[in-house]
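Biologist: I am new to this structure. Please show it to me, and let me ask what the words for it rest on.

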Amino acid sequence: EAAGELSKNEVPSDVVTVDDVENLRAIRDKLKAENGDYGTDFIRADGDRFVHGDGSEFIAIGTNYYGFNIWQPSLLGRFSPDDINEDLSIIAGMGLNTVRFAFSSGVSGDEKDPGKVCERDILKIDIFLQLARKHGIRVILVGLDGKTPEKFASADTRVNEGYLTMMENRFSHAAEYFKDDPTIFAWNIYNELTVGSTTPEM
């Protein structure tokens, strides 16, 4: 079935999803062992162009990653490493070298500290990055907002200082976790910032 024929809450019958932390750790560790050391080939800005660690030019040729079987913002909730691996293989085969991975609405904060991303979702993002690295693809990661904690349910989270502080802490946590991974090309801090906001501050 094509993704467009499925509801947002429906999973194709042939998709094998993984949600258990122990299984996710095992998959992540296996991929990291197969991929080897990260190296130091971070993409960086050099004037009006992007370059590799050795100074050679990097030209991003990319696409949004929606997944062929799962509605994009639900990718973490219905996480299928096998499907993602197949998708990224096809994308690399088309000559693309960059994907924008928008997983925002699927992210959950840590139960004890909402200023951190929960381990399960950090592992899923890590697995996505490892699979992208396997296929020579750089990744733009989009958002860590995810499910809004109850205390911010009635707030405009785009301008609420408490919520923004929580998000700053989440990005600091994720940035520390992924700081050695050159697969990350960029962070897209917030997706569609003004959509749904009618407050005077916005």
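Modeller: The chain has four helices and seven strands. Helices (H or I, at least four residues) and strands (E, at least two) are DSSP runs, numbered from the N terminus. From the N terminus on, the order is α-β-β-β-β-α-β-α-β-α-β.

Biologist: What should I know about the model itself?

Modeller: It is a predicted model, where local features need pLDDT of at least 70, side-chain atom pairs count only at pLDDT 80 or more, and totals for chains, interfaces and linings use all residues. Residues are numbered from 1 along each chain as its sequence is written, and side-chain values use heavy atoms, with hydrogens and water left out.

Biologist: Why is Arg170 called buried?

Modeller: Buried means under 20% relative accessible area, exposed over 50%, partly exposed in between (1.4 Å probe, protein chains only). Arg170 has 1% relative accessibility, so Arg170 counts as buried. Arg170 sits in helix 4. Among the residues that Arg170 touches are Val107, Pro114, Gly115, Leu144 and Asp145, not counting residues up to four places away in sequence. Contact means heavy atoms within 4.5 Å.

Biologist: Why is Ser172 called partly exposed?

Modeller: Ser172 is also part of helix 4. Its relative accessibility is 46%, so Ser172 counts as partly exposed.

Biologist: What makes a set of residues a nonpolar core?

Modeller: The set must hold buried Ala, Val, Leu, Ile, Met, Phe, Trp, Tyr and Cys residues, joined through side-chain atoms within 4.5 Å. The largest such core here has 36 residues, and Tyr65, Leu88 and Phe101 touch the most other members. Helix 3 gives the most to this core, with eight residues.

Biologist: Why are helix 2 and helix 3 called roughly parallel?

Modeller: Axes are lines fitted to C-alpha atoms, for helices over the stretch in contact, and angles run from 0 to 180 degrees between N-to-C directions. Angles under 35 degrees count as roughly parallel, over 145 as roughly antiparallel, 65 to 115 as roughly perpendicular and the rest as oblique. Helix 2 and helix 3 pack at about 30 degrees, with their axes 9 Å apart. Helix 2 and helix 3 are therefore roughly parallel.

Biologist: Which residues make the contact of helix 2 with helix 3?

Modeller: Helix 2 brings Pro81, Ile84, Asn85 and Leu88, and helix 3 brings Ile127, Phe128, Leu131, Ala132 and Lys134.
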